[in-house]
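I am opening a notebook on this structure. My entries follow the order in which I looked things up.

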Amino acid sequence: MGAIKQLSVLIGLLTLFAAFGGHAAKSTVCTITVNSDDEREVFRRHLPGDQYEFVELVERGRPDWLAASCRRGVRCDLLIISGHFAGTEFYSSKVDVAESLKVEEIERAQCGESCAGLFGNLKEVYLFGCDSLKPEPVKSAMPEIVRGLVRAGSTRAEAERLARDLSLRHGEASRDLMRRLFPNVPVIYGFSSLAPYGRVAGPMLEGLFRSGESGDIGSGRPSERLLKLFGQASMVATRGMVEGELHADFRGRSCAALDERVAAGAKVGVMHAALQGDMPSLRMAFPRVERFFAALDDSARADAGVREALVTVAGDSATRSRYLEVARDTGDPALRLRMLDLAQLVGWLDEAGLRSERALTVRDMLADRALGYGEVDLVCTLNRSRDLESLVGQYRVTMPQGAGAAHAAAQACLGSAEARLGVLRALASPDDGEVQAAQAYLRHHPITDGRELRHVVAGIAAMKGGPSQARAIETLARLHVEDDQVLQDLARLFSRTTSLPVQRAIAEVFIRASAAGLPRESLAATFRKHRMRSPDGGEDLIDLAIRRLTS
């Protein structure tokens, strides 16, 4: 009877297999189409419908489409992402497409338990975007990190070795980023530099399927035929990161800030630990820490665990002191100011302390010979409310020998009337860098006095025609000139200049100006008579100015 019973069980199992197991379950091809659908449609046409099911994850007009896919329980076997890649997100060049895929959203889906199934079973990933597997780090350890390590006692060779390691760990080339985002995936395809547009990539994929050599698709094995077809277009393949690899532990630390299973207060603790790291690690981890604390809104800060963790961070005086030392030693003023803003955000600086640190930053900027357009703009922006002038005045400012228009512009931003006169003279300088410095200042402190404006225009009109003169006149356009004498002087300059860029700059002044009291028809006739034609024969700002004068 035992043998009969075993035979009965075997027959039952065979019946079940025939009913349910005779047809293998379909593989799910998930597509994320934020730009061209050419690649997706080629795969859809050629992969057998009885073996593959396609699921488009993007839902137009729905910002939480990725999370919605998680809630639906979608499980992907293959993933095809089509979109331009900018290091932090896949996006579309089409003006009517608002959807994009941020790298952080992929990471959030991979780190959280509620979405672990979406990408947890992938055999292959296709990244149709430029630089999606670029091998060079997105950012590298800054030279000042090397200098700081050398000052602390490291040899230059040791400092450079550590900088390279930090670049690999924190700078993360796109290739390493994708390997971390898709761990254990056997095959990840992407591009080490420029990728073909969809309208080109589509026919190339058609060639793969027409060749009859598409058998590796969906197998979890690299397709040599696919790589050869796209080889000239920089396609490469890699595999997802596996446990035990160098820097594999970085994935866990990165996930700690995104995993919903980690309590909010504990996430603050993870960021606190990053702030406690040594100077090089802190500098490289700073953008990640900055994003985390900037995202803590009032509702998040109301959480008891978060409040307690933030109190701990604010009370860590040792880390505060060392962090501020690192910030003050940062050579990039814009980054230094961001670090100071974070210090206020975590409770290490009050309003008065932040103003004082900003004043110190401005003092150090004024002592730097390399001061330029960007720094002038920063100083003017910081002193918008004019509360830094007296603070900077309390410090001894050592100006570099031979300081030029940029230093004068920065001082003018701090309220120096004498420096302002120097900046206005610099607007008529033959040195393009000096004109740029004046331009940066006048963005924040435009000329409003008519006599002062006429004096400046007389100096600009006397310049030799060229890029500097055109740039100076472009600066005037942003002042929305209303002075009739100034406009007449510029019209006369238009008629005698031999520079097309200068004529175009003058035309822009008239487009933006209020010329109600001027002889508009006469001015339009002057423009028609003396205009220089564009090399390509097309319309330009001069045509627009003529239409505006005659409308």
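**Entry 1: Glutamine 469**

I started with glutamine 469, which lies in helix α24 (residues 467-477). Glutamine 469 is buried, at a relative accessible area of 1%. My cut-offs are under 20% relative accessible area for buried, over 50% for exposed, and partly exposed in between, with a 1.4 Å probe and protein chains only. I then listed the contacts of glutamine 469, leaving aside neighbours within four places in sequence: Ile460, Ala461, Met463, Lys464, Leu493 and Val502. A contact means heavy atoms within 4.5 Å.

**Entry 2: What kind of model this is**

This is a predicted model; local features need pLDDT of at least 70 and side-chain atom pairs count only at pLDDT 80 or more, while totals for chains, interfaces and linings use all residues. Residues are numbered from 1 along each chain as its sequence is written, and side-chain values use heavy atoms, with hydrogens and water left out.

I checked the confidence next. pLDDT is the predictor's confidence in each residue, from 0 to 100. The protein chain has a mean pLDDT of 85, and 90% of its residues reach 70 or more. Over residues 9-22 the pLDDT is below 50, and this stretch has two contacts in the model beyond near neighbours in sequence.

**Entry 3: The whole chain**

I counted 28 helices and nine strands in the protein chain. Of its 551 residues, 47% are buried. I also looked at contacts between residues at least 6 apart in sequence: 75% of them join residues at least 24 apart.

**Entry 4: Strand β7**

Is strand β7 enclosed or open? Five of the five residues of β7 (residues 124-128) are buried, so the strand is largely enclosed by the rest of the structure. I looked at each face. Glu124, Tyr126 and Phe128 are buried on one side, and Val125 and Leu127 are buried on the other.

Then I looked for its partners. Two strands pair if DSSP finds at least two bridges between them. Strand β3 (residues 78-82) runs parallel to β7, joined by five bridges. Serine 82 stands opposite phenylalanine 128 in β7. Strand β8 (residues 187-191) is also parallel to β7, with three bridges. There, tyrosine 126 stands opposite tyrosine 189.

**Entry 5: A three-strand sheet**

I found an open sheet in the order β4-β5-β6, with antiparallel pairing. β4 (84-85) and β6 (101-102) are at the edges with a single partner strand each, so one side of each has no neighbour in the sheet. Two bridges pair β4 with strand β5 (residues 89-91). Histidine 84 has tyrosine 91 in β5 as its bridge partner.

**Entry 6: Nonpolar cores**

A nonpolar core here is a set of buried Ala, Val, Leu, Ile, Met, Phe, Trp, Tyr and Cys residues joined through side-chain atoms within 4.5 Å. Which residues of the largest core touch the most other members? Among its 97 residues, they are Val268, Phe293, Tyr323, Tyr441, Ile506 and Phe510. Helix α26 (residues 500-512) gives the most to this core, with eight residues. Leaving aside neighbours within four places in sequence, isoleucine 506 is in contact with Ile473, Leu490, Leu493, Phe494 and Phe527. There is a second, separate core of 32 residues, which includes Val34, Leu66, Phe85 and Leu127.

**Entry 7: Loop residues**

Alanine 403 lies in the loop between α19 (389-393) and α20 (405-413). Its relative accessible area is 37%, so alanine 403 is partly exposed. Alanine 367 is 36 residues away from alanine 403 in sequence, and 9.2 Å away in space, C-alpha to C-alpha.

Last, I checked backbone angles. Most residues other than glycine have a negative phi. Arginine 386 is not a glycine, yet has a positive phi of about 60°. This arginine 386 lies in the loop between α18 (373-382) and α19. It counts as exposed, at 54% relative accessibility. Asparagine 184 also has a positive phi, near 70°. I placed asparagine 184 in the loop between α7 (174-181) and β8.

Key
Helices (H or I, at least four residues) and strands (E, at least two) are DSSP runs, numbered from the N terminus.
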